[in-house]
Amino acid sequence: MKTMTKTAVLFFLTAAAAVFVFQENANAHCQIPCGIYDDYARVESMLEDAATIKKSMRMINELSGKTDAGSRNQTVRWVMNKEEHAEKIITTISSYFLTQRVKSSQEDYKDRLAKHHAVIVSAMKAKQNTREKYVKILIEDIESLAPYYRSHDH
């Protein structure tokens with residue numbers, strides 16, 4: 001086996017690092033389609049994300065105005081947490097529901113589309129704010145999807 005050149009090693013390490021740095025979270029299921037879906041679990045997961053956003057907002061508000069380094073550090077961490085969970089909701093709606101489960105052939109397509117879009121907008125507003133009214137609307141919007149995606153036994 002030939003020895004790799006420094007350039008080849010550098011290229012390999014750079015490519016490997018890029019995979020980890022630019023890796024997108026795979027919150028949504030595959031788009032093959034494999035036919036394995038658990039829509040209800042995704043709705044439940046989005047509600048869990050919304051509960052996390054709510055707690056993050058509460059903690060950000062509790063820490064607001066504190067100037068010590070520890071409080072500032074925790075505030076940043078709570079903001080990042082809130083952003084991450086709102087983005088997970090947006091990704092789940094976009095990459096899972098809108099690409100695979102909401103179909104233009106459905107009789108109530110426009111209504112479904114509007115409700116799914118409302119979740120995306122609510123998640124965006126929850127990212128931009130720290131007032132709990134925004135996460136309350138987000139939870140209501142997610143819950144409005146539940147009738148479309150009932151729980152089932154496996």
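I looked up Lys127 first: this residue is partly exposed, with a relative accessible area of 22%. My cut-offs: buried is under 20% relative accessible area, exposed is over 50%, and partly exposed lies in between (1.4 Å probe, protein chains only).

The model is predicted, so I kept its limits in mind: local features need pLDDT of at least 70, side-chain atom pairs count only at pLDDT 80 or more, and totals for chains, interfaces and linings use all residues. Residues are numbered from 1 along each chain as its sequence is written, and side-chain values use heavy atoms, with hydrogens and water left out.

Next, the partner. Lys127 forms a salt bridge with Glu87, with the closest N and O atoms 2.7 Å apart. I count a salt bridge when a side-chain nitrogen of Lys or Arg is within 4 Å of a carboxyl oxygen of Asp or Glu. Glu87 sits in helix α3 and Lys127 in helix α4 (residues 109-128), 40 residues apart. Helices are DSSP runs (H or I, at least four residues), numbered from the N terminus. Glu87 is partly exposed, at 34%. Glu83 joins Glu87 and Lys127 in a network of salt bridges.

I then checked the total: the structure holds seven salt bridges.

Another of them pairs Asp39 with Arg101, at 3.1 Å between the closest N and O atoms. Asp39 lies in helix α2 (residues 39-63) and Arg101 in helix α3 (residues 69-101), so this pair ties together parts 62 residues apart in sequence. Asp39 is buried at 11%. Arg101 is partly exposed at 22%.

Last entry: Asp108 and Arg112 meet in a salt bridge, 2.8 Å from N to O. Asp108 is partly exposed at 29%, whereas Arg112 is buried at 15%.

How values were computed. Helix = DSSP H or I, 4+ residues; strand = E, 2+ residues; numbered from the N terminus.
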